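Let's take a walk through this model together.

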Amino acid sequence: MLSHVILDLDGTLLNTDGIVNDVLKGFLLKYNKQWNTKVAHKLVGKTPREAATIVLEDYGLPLSVEELMDMITPLFSDQWCNIKALPGANRLIKHLSSNGVPMALASNSPKLNIEAKISYHHGWKESFSAIVGGDEVIKGKPSPEIFLEAAKRMNTEPSNCLVIEDSLPGVMAAKNAGMSVVAVPSIPKQADRYSFADEVINSLLDLHPEKWSLPPFNDWIENTLPIEPLYIGGPVIKGFGRGSKVLGIPTANLAAHDFSAILSEHTSGVYFGWAGLSTRGVFKMVMSVGWNPYFDNTEKTIEPWLLHKFDEDFYGEELRLLVVGYIRPEANFPSLESLIARIHEDGKIAEKALDLPIYAAYKNSPCLASSLQQPNSNS
Ligand code: ADP
Ligand code: RBF
Ligand code: MG
């Protein structure tokens, strides 16, 4: 029986990666070095000193670890106010704290940094009965020390604790501590490296606390999860040409690179909502966002299937999407038939859910209407 939850911060609750990328990219440019995302991936879950050592070695900078840390630490702290909560983080913290589940935060970063980062997120600090920083133990993750200390401060046994972690060192630390651990990898397509976790999920939206004898979420409605509505729109572009041909399910692709900022804030997965086509009207829509594991694409795509029979293509036409709910993570399937069957099931779920008042209300949203005006423009 699990009764306590220990959360990692960077990459698990907070979208820190974007900030780390931006800061290091700018910094390295001064040394005429090109930032490389492969190096970025190596930094996940490391202590600040370990991360600085990796950057020094990989880029051969003429600096000592101390000098590098002194130079970049202030650049990072300037950005903390810009770090966004990951999808589902606020929901999870609110849920556990309102159900009286004791929670701790355990991070490799120094305690003062943790406190500064979470100060920008309403209600977080008060929700944790313990916060353990990397500077409060002798060895950081993958050593179990941080997690053992968190359990001790919550006056509980390690075996009562569920750890939620995005990094490999963190998942190892949790297992070394004798705890149960759900991995939420922050780097895409790495799930197979986390096989020693008790479960691997795609995002916090996919956590089902009842699997761990913790109180279930009660915000799912008929197999859908309402989200903060998200608007994206643009001309319909050519995709891989396999929607209709291979699956019998046409998807009117939008240019994913136009929405890279929005997409990096949202997890990949199957979503639904309303689709407006300027000359044709507003239709129900179900979509996949991500790498389509079955086809193992190298780039993220946005693939909306309009739940309506059209007699012709509409490439180049302006398509506006108001995404209102989440259905499931993208998955791989043992056969094309099983993928097709699952997409049809998603279609039925969306079709039905969109008649519920909480989703139906958005059908008349002005951002879907036929004038070319964008939702936030003042013209
Ligand atoms: P592509 O790979 O180029 O996106 P698809 O086989 O997925 O090709 O077909 C998508 C195209 O089919 C859309 O761009 C659109 O013009 C057309 N289309 C026709 N009916 C639909 C529908 N119900 N939903 C989405 N697109 C449709
Ligand atoms: N592709 C996957 O590989 N895995 C999925 O779980 C998946 N789910 C989808 C759900 C919906 C509602 C739609 C419309 C598509 C989905 N696809 C999925 C994407 C499908 O592979 C894609 O439309 C084709 O690759 C066409 O480019
Ligand atoms: Mg398509």
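Ligand 2 has 21 residues around it, and the closest are Arg242, Tyr294, Glu303, Arg328 and Ala331; a residue counts as near if one of its heavy atoms lies within 4 Å of the molecule. Before going further, keep in mind that this is a predicted model, where local features need pLDDT of at least 70 and side-chain atom pairs count only at pLDDT 80 or more, while totals for chains, interfaces and linings use all residues. Residues are numbered from 1 along each chain as its sequence is written, chains are lettered from A and ligands numbered from 1 in the order in which they are written, and side-chain values use heavy atoms, with hydrogens and water left out.

So what holds hands with the ligand's oxygens? A polar side-chain atom of Arg328 sits 2.9 Å from an oxygen atom of ligand 2, and one of Arg242 sits 3.0 Å from an oxygen atom of ligand 2. On its own, ligand 2 has 540 Å² of accessible area, and the protein covers 99% of that (Shrake-Rupley method, 1.4 Å probe).

Now for the sheet. Five strands make up an open, antiparallel sheet in the order β7-β11-β8-β9-β10. Strands here are DSSP runs of E with at least two residues, helices are runs of H or I with at least four, both numbered from the N terminus, and two strands pair if DSSP finds at least two bridges between them. β7 (225-235) and β10 (301-306) are the edge strands: each has a single partner, so one side of each has no neighbour in the sheet. On average, neighbouring strands are turned by 30° against each other, direction ignored.

Look at β7 and its antiparallel partner β11 (residues 318-328): eight bridges join them, and Leu230 stands opposite Val323 in β11. Helix α12 (residues 336-353) packs on the sheet, touching β8 (269-277), β9 (281-290), β10 and β11, and its direction makes about 100° with that of β11. Contact means heavy atoms within 4.5 Å; axes are lines fitted to C-alpha atoms, for helices over the stretch in contact, and angles between N-to-C directions run from 0 to 180 degrees.

Finally, a loop detail: Asp296, in the loop between β9 and β10, has a positive phi of about 50° although it is not a glycine.

Terms used
Polar contact = N/O pair within 3.5 Å; in protein donor to acceptor, adjacent residues only side chain to side chain.
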